[in-house]
Amino acid sequence: MNLSLPRRVLARATATLALTMATGTTGMLSGTEAHALPVTGGSFSFSGDEDDYISGGQSYAYATASQDRMNVSGNTDNGVVTVSVDGANGDWWTLNLAAPSGKALTAGTYTGATRYPFNDGTEPGLSLSGNGRGCNQLTGTFTISAVEFGPQGYVKELDATFVQHCEGGTPAARGEVHIENPPPPAELGLGLDIALDGTASSLNGKATFHGTVSCNKPVQVTVAGNVTQVKKRDLIRGSFSTSVSCTPGAPITWTGAAVPTGSVPFQKGDVEVEGRATATDPDYDQPVTVSETVAVRLTRV
């Protein structure tokens with residue numbers, strides 16, 4: 001079976017690989033890049049001098065109102081914004097705007113920008129690339145007129161202009177981007193409750209536990225935990241894991257069984273249960289975990 005990718009996807013990947021291999025510099029990235037989300041309303045445009053490599057001296061303009069697709073993401077410390085454009089005509093472009101390391105993007109002018117993500121930690125980062133073109137080295141400046149973030153790198157608003165010079169040259173590409181998204185969704189909230197009663201099986205030595213989970217949006221939740229019991233001179237350990245579908249509203253029940261790791265079975269009496277509930281936030285594509293440690297009394301069955 002032969003697998004193939006669309007020509008535009010191959011071109012984008014090839015151009016990115018070529019630019020990365022062309023330099024031996026490595027950059028320090030702060031924060032974690034958030035999941036890219038579609039732009040509800042926005043525009044992106046740029047043009048360049050005749051000898052500018054990126055623009056080729058041409059003008060380009062895209063807008064969500066014209067059926068061009070735009071995506072935007074920040075990072076978790078609000079220091080970087082990435083805008084990608086897939087034009088209805090087949091064009092594709094990516095713009096990165098980054099504050100100096102450890103700082104959040106705010107309104108203002110950022111001078112002395114170099115190629116993102118290989119910019120020195122004290123310098124802002126900038127990169128406009130696409131349609132198979134990119135700078136190995138660049139200098140530039142950009143101005144943030146307005147920017148508003150939500151949780152997990154969500155970008156609600158961005159108004160910015162930029163000027164980019166490739167390879168130390170005078171010719172420049174000049175552009176602007178405007179983004180307006182709806183208010184950010186709430187982050188995923190999870191709740192975990194471990195019941196204080198459980199059972200120890202006289203048949204197979206397993207310990208069974210139960211409880212509830214709660215959530216503020218529909219998710220699949222994994223409930224897992226470690227169990228420890230001390231009986232006389234025996235240290236009995238085990239673990240359990242189960243998965244349940246959670247929907248907002250009433251708590252959802254779960255049940256898990258821990259298998260002892262050694263030859264000594266779980267027995268009647270107290271055990272320590274370290275439990276955790278984990279799910280992925282469907283809006284931000286980020287894992288969320290809550291935990292609880294309780295003493296559970298086992299009865300023999």
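1. The largest nonpolar core has 33 residues; Phe44, Val83, Leu128, Phe142, Leu158 and Val177 touch the most other members. Strand 10 gives the largest share, 5 residues. A nonpolar core here is a set of buried Ala, Val, Leu, Ile, Met, Phe, Trp, Tyr and Cys residues joined through side-chain atoms within 4.5 Å. Buried means under 20% relative accessible area, exposed over 50%, partly exposed in between (1.4 Å probe, protein chains only). Another core, of 28 residues, lies apart from it and includes Val227, Phe240, Trp254 and Phe266.

2. This is a predicted model: local features need pLDDT of at least 70, side-chain atom pairs count only at pLDDT 80 or more, and totals for chains, interfaces and linings use all residues. Residues are numbered from 1 along each chain as its sequence is written, and side-chain values use heavy atoms, leaving out hydrogens and water.

3. The chain has a mean pLDDT (the predictor's confidence in each residue, from 0 to 100) of 90, and 90% of its residues reach 70 or more. Residues 1-29 fall below 50; this stretch has 27 contacts beyond near neighbours in sequence. Contact means heavy atoms within 4.5 Å. Where pLDDT is low, predicted coordinates should not be read in detail.

4. The open sheet has 11 strands in the order 1-4-5-6-8-7-9-10-11-2-3, with mixed pairing. Strands are DSSP runs (E, at least two residues), numbered from the N terminus; two of them pair if DSSP finds at least two bridges between them. Strand 1 (37-38) and strand 3 (59-63) are the edges, each pairing on one side only.

5. Strand 7 (residues 108-115) runs parallel to strand 8 (residues 125-130), joined by 2 bridges. Thr114 has Gly125 as its bridge partner there. With strand 9 (residues 138-149), strand 7 pairs in the antiparallel sense over 5 bridges.

6. Strand 9 pairs with strand 10 (residues 155-166) in the antiparallel sense, over 11 bridges. Ala146 stands opposite Asp159. The two strands form a hairpin with 5 residues between them, and Gln152 in the turn has a positive phi of about 55 degrees.

7. The whole structure holds 9 aromatic pairs. Rings of Phe, Tyr and Trp (its six-membered ring) pair if their centres lie within 6.5 Å; planes under 30 degrees apart count as stacked, over 60 as edge-to-face and the rest as tilted. Phe46 and Tyr60 are stacked, because their centres are 5.0 Å apart and their planes at 20 degrees. Phe46 is buried, at 2% relative accessible area. Ring pairs link Phe44, Phe46, Tyr60, Trp93 and Phe162 into a cluster.

Conventions: Helices (H or I, at least four residues) and strands (E, at least two) are DSSP runs, numbered from the N terminus.
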